[in-house]
Amino acid sequence: MISRRSLYCSKKANGEYSACNIFTREEGNIFYLPTQHDWNKKGKCSFCGASQKNYDRLEQGGEDYAYSFIHNNVPKELLAMKFDVIIGNPPYQLADGGSGRSASPIYNKFIEAAKQLNPAYMCFIVPSRWMGGGKGLDKFREEMLNDKRIKKLVDYELSSEVFPGVDIAGGVCYFLWDRHYKGDCEFVSIAGEKHSTSNRPLNEFDILIRQNQAVPILRKILKKLDMGNGQWAMGNGQWAMGNGQWAMGNGQWAKPCQLKSHLASPSDSAQQHVLSKWEMRHEPTGFKLPSLWPQNICQTC
């Protein structure tokens with residue numbers, strides 16, 4: 001009702017005092033549809049993942065936070081409309097019934113639903129956690145990173161710079177999505193007084209690197225570690241990769257023999273010791289070498 005008063009200067013879009021006279025319905029283009037969660041056998045809403053234990057409380061007069069926009073309850077008239085701009089600051093999460101204060105994000109569902117309306121422009125402000133993690137956000141992150149229509153993305157490491165007095169872990173961001181644009185994204189990183197801007201593809205890495213100054217450094221490191229054929233290794237990150245196979249080393253380097261000439265001398269006794277140590281540890285700690293590892297690397301590894 002407040003939205004209708006702001007837009008139409010009347011609580012009824014077709015009312016006597018409405019600023020618009022083309023509507024036959026009192027709601028105009030601002031819909032409010034009472035919606036209920038669709039509880040599944042696991043006690044969660046099949047649309048938004050909300051916990052039945054936490055939100056099945058309409059009979060007690062409580063709010064169930066069932067949003068029609070993400071519960072497959074959007075009027076056909078709305079879906080048939082053409083939108084120029086969609087702007088949103090959607091709800092961020094709902095308790096999912098997990099241990100402690102466990103909650104699942106739902107802001108991603110609003111963005112996905114808005115894209116289905118295919119507006120000319122779209123702008124949302126949401127938590128930044130999706131860039132490198134977030135519960136159940138792997139698919140959403142992949143879609144966002146590969147969406148070339150994201151023209152600009154502004155990232156605040158401290159949420160208090162946008163919402164004073166509010167602490168949102170991981171910060172917040174907003175982005176401009178342009179239906180007619182296809183290219184690199186203007187990524188703006190803001191951390192206190194430090195501001196940096198870079199035009200770059202968001203999908204260069206599996207996660208979105210939030211510090212622009214770190215991107216060229218990472219590129220140089222990966223170039224040094226580029227062994228071809230998808231083979232690379234990482235120290236103090238406890239793993240190595242070759243031909244899609246991987247191994248974990250207890251806080252040490254785990255370097256397959258194929259990579260020795262690039263990363264260390266073949267006669268490096270310390271390296272041989274690490275490999276031997278890893279081989280002795282992988283069974284007790286629950287790790288097991290892939291069956292193809294010896295053939296892909298060599299019999300000694």
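**Close-up views of a predicted model**

**Figure 1. A nonpolar patch on the surface is formed by Val85, Ile87, Tyr121 and Leu176, which together have about 380 Å² of accessible area.** Patches consist of residues with over 30% relative accessible area and no salt bridge, in which nonpolar side chains (Val, Leu, Ile, Met, Phe, Trp, Tyr) are joined within 5 Å and like charges within 9 Å. Accessible areas come from the Shrake-Rupley method with a 1.4 Å probe, and for residues only the protein chains shown count as cover. The model is predicted, so local features need a pLDDT of at least 70 and side-chain atom pairs count only at pLDDT 80 or more, whereas totals for chains, interfaces and linings use all residues. Residues are numbered from 1 along each chain as its sequence is written, and side-chain values use heavy atoms, with hydrogens and water left out. Tyr121 is found in strand 4 (residues 121-127); helices (H or I, at least four residues) and strands (E, at least two) are DSSP runs, numbered from the N terminus. With a relative accessible area of 37%, Tyr121 is partly exposed, a class lying between buried (under 20%) and exposed (over 50%), with a 1.4 Å probe and protein chains only.

**Figure 2. The whole chain, as context for the other views, contains nine helices and 11 strands.** Of its 301 residues, 36% count as buried, and the accessible surface of the protein chain comes to about 18300 Å², of which 51% belongs to carbon and sulfur atoms. Among contacts between residues at least 6 apart in sequence, 52% join residues at least 24 apart, where contact means heavy atoms within 4.5 Å.

Figure 3. Glu186 pairs with Lys152, the closest N and O atoms being 3.9 Å apart. The side chains of Arg210 and Asp155 meet in another salt bridge, at 2.7 Å from N to O. Arg210 counts as buried at 18% relative accessibility, as does Asp155 at 0%.

**Figure 4. Lys115, Asp147 and Arg149 are linked in a network of salt bridges.** Asp147 lies in the loop between helix 5 and strand 5 and is buried, with a relative accessible area of 7%. The side chain of Asp147 makes polar contacts with the side chains of Lys115, at 2.8 Å, and of Arg149, at 2.9 Å. A polar contact is a pair of N or O atoms within 3.5 Å, of which, within protein, one must be able to donate a hydrogen and the other to accept it, and residues adjacent in sequence count only if both atoms are side-chain atoms. Leaving aside neighbours within four places in sequence, Asp147 is in contact with Lys115 and Trp177.

**Figure 5. Arg200, in strand 8, is buried yet has no salt bridge.** The nearest side chain of opposite charge, Glu204, is 5.6 Å away; Lys and Arg count as positive and Asp and Glu as negative, while His and the chain ends are not counted. The side chain of Arg200 reaches the backbone oxygen of Ile209 at 2.5 Å, and a polar contact of 3.0 Å joins the side chains of Arg200 and Asn212. Beyond its neighbours within four places in sequence, Arg200 has contacts that include Asp184, Phe187, Leu208 and Arg219.

**Figure 6. Helix 4 (residues 107-116) has buried residues Tyr107, Asn108, Phe110, Ile111, Ala113 and Ala114.** An α-helix has 3.6 residues a turn, so residues three or four places apart point the same way. The buried residues of helix 4 pack against strand 1 (85-88), strand 3 (103-105), strand 4, helix 5 (138-145) and strand 6 (172-178). Just after helix 4, Asn118 takes a positive phi of about 50 degrees.

Methods: A salt bridge is a side-chain nitrogen of Lys or Arg within 4 Å of a carboxyl oxygen of Asp or Glu.
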